[in-house]
Amino acid sequence: MTRGPTWFNITSLVVGFSFLYLPIVLLVIYSFNESRLVTVWGGFSTKWYVSLLQNDQLLDAAWVTLRVAFTSATIATVLGTLAALVLVRSGRFIGRSLFSGMIFAPLVMPEVILGLSLLLLFVAMDTARGFWTVMLAHTTFAMCYVAVVVQSRLVGFDKSVEEAAEDLGCPPVKTFFLVTLPIILPGVIAGWMLAFTLSLDDLVIASFTTGPGATTLPMKIYSQVRLGVTPEINAVCTILVALVTLGVIAASIATKRQQVQRERDERAAFGDG
Amino acid sequence: MAKKSIGPVRREFSPWENTDHPPFIEFRNVTKKFGDFVAVKNLSLKIYEKEFFALLGGSGCGKTTLMRMLAGFETPTSGQIFLDGQDLAGIPPYRRPSNMMFQSYALFPHMNVEKNIAFGLKQDKMPAAEIEARVAEMLRLTKLEQFAKRKPHQLSGGQRQRVALARSLAKRPKVLLLDEPLGALDRKLREETQFELMGLQEDLKMTFLIVTHDQEEAMTVADRIAVMDKGELVQVATPSEIYEAPNSKFVADFIGDINLIEAKVTEKTEAVTKLVSVVDGFAIECDQETEANVGDTVWYAIRPEKVRIAHGQTEPGVVNQIGGIVWDIAYLGDVSIIHAKVGEDEHDTIRATFTNVSRMVENPIKWDDNVVLTFDRDAGVILAR
């Protein structure tokens, strides 16, 4: 049953998408504003992008953010993958439900509480706060997301493939690296990308756990906005939006292409099979 | 007159008849429990070198568990398993000299056909040149040469099945374990592959152990079949013995089609047992001894193809002859199945089949015809209740 779109459908679509994207579109438009005043249109210009390149503070913050995101995403991926493996593979063990409940708790825990508790921990441990504490904090919460993503990949995994490897003489640890990991790799990569993005745009936990010399980009933007929104901030945000959009589009094109290729292969196989 | 034997003889191979012959695989009082569920119950079984052995049974009968214990994926709760004289207890799957072909094929999706086949050989640290030669041999054996560079998802079901077979044969295991290997193939391909498997087994002179729920498959490929039910062996024998001389109502009913007639023993001598059917009172004489006493009720089991059917009436005083009315006819092309009503109740029927040897029949059997069913004295078997 196919029908043309009704007026109701079209209206809902327009309203829904405007609600989602109008603020972002405004932000992008005003980043090309000639005028210093954010709310007054003074003609088209790219001067704020040029001045951005000379703003060392913002560039420093961006560099810190990237380093934190990269390191924390990598560690979180290793830990999260291990956690997912235990949850899916070990069958029943004492404390399994407690463990699985605890690994997902940070997903629903208010960030303020997570940040505060981490801050208290770092103070109690008497560690100097900075790059490492932010990185550890991000690892902590990103790990749960990785565990969820990898777990969903593992649930659909045919365990007999691992059994086949062992049957052919491959010990368990080697089996993991030769067989299991390559098969769940898309899940692991997706988990890493999710962790990277989460770390990139986190403000609350970073502000709790950071120290001098380790200001992340979201923190920098937030503190500047409190002194008044400048078109420069609009420019930074536009770049961020563009980066994220490019990433998402690239990822979906890659997946789509893989799927099309796979379907074509399967059709070919059954054609001459 | 030569001694009668059951069915055609495929090859002169019967080490199981010699009690001194050492078994190649032995299950000794093996029990496997999953919680409260007993999957395998105190089972003992001997399988001989170069034998093609089938474990046959319905789902949940313990056949797959038995095979997985041999491969090392399950540990017996009690009992021992020996392979070539070696106790397998405590030996992990990756050190056992058996290889398995999985029901789902379990091919490595990220490796091409060649790499799948070479995987086991690489684990043995075999020199690269030898690996290459062995892989080429396996590709030739399974007719997969032109697919060597393809990934599993680029293959059809039948091709994947052959890759799985090639991979499990590549290491020349002492025993090849086949877990429902042909379940996913269509009928024609399955029959073809059954004969290919038999040929391979003969050529490679390996011991094959197959798990299947398909009785035709088991009867086609195996030297001996073990029929399993509820974790226990019901009968272990050659396919023809299982079919012609089942040892219980379960086996008779499970393998092929059979008429089961409830009958009372009226007279017994050393070689002949006389019976009378309980429901309709016709007389049966059978060239078989029975442990049942006179007056006991037993099952008289007779295969439909051993019942002859013709137009006519019964003659008084003749045994192994039953009168009936044709109730239903199924024409299958090669054979026809007739359901003849022999009593008052419409379910009280006996099935007879005959091969359609000629295309045209002068006086065909029709619905409601009066027919007479006859059978030989050695056509049926007496089974205890």
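Setting aside neighbours within four places in sequence, B:Lys264 is in contact with B:Leu275, B:Val276, B:Val278, B:Gly295 and B:Thr297; contact here means that C-beta atoms, placed from the backbone, lie within 7 Å. This is a predicted model, in which local features need pLDDT of at least 70 and side-chain atom pairs count only at pLDDT 80 or more, while totals for chains, interfaces and linings use all residues. Residues are numbered from 1 along each chain as its sequence is written, and chains are lettered from A and ligands numbered from 1 in the order in which they are written.

Let's stay with B:Lys264 for a moment. From its C-alpha atom to that of B:Gly79, 185 residues apart along the chain, the separation is 42 Å.

Now to where the chains meet: 21 residues of chain A are in contact with 23 residues of chain B. On the chain A side, these helices each supply at least two residues:

| Helix of chain A | Residues |
|---|---|
| H7 | 159–167 |
| H8 | 172–200 |
| H11 | 231–272 |

By class, that side has eleven nonpolar, three polar and seven charged residues. Nonpolar covers Ala, Val, Leu, Ile, Met, Phe, Trp, Tyr, Cys and Pro, charged covers Asp, Glu, Lys and Arg, and the others, Gly among them, are polar.

Within chain A, A:Ile103, A:Phe104, A:Pro106 and A:Leu107 in H4(A) meet A:Phe141, A:Cys144, A:Ala147 and A:Val148 in H6(A). The residues of this contact are eight nonpolar, no polar and no charged.

Conventions. Two residues are in contact if their C-beta atoms, placed from the backbone, lie within 7 Å. Helices (H or I, at least four residues) and strands (E, at least two) are DSSP runs, numbered from the N terminus.
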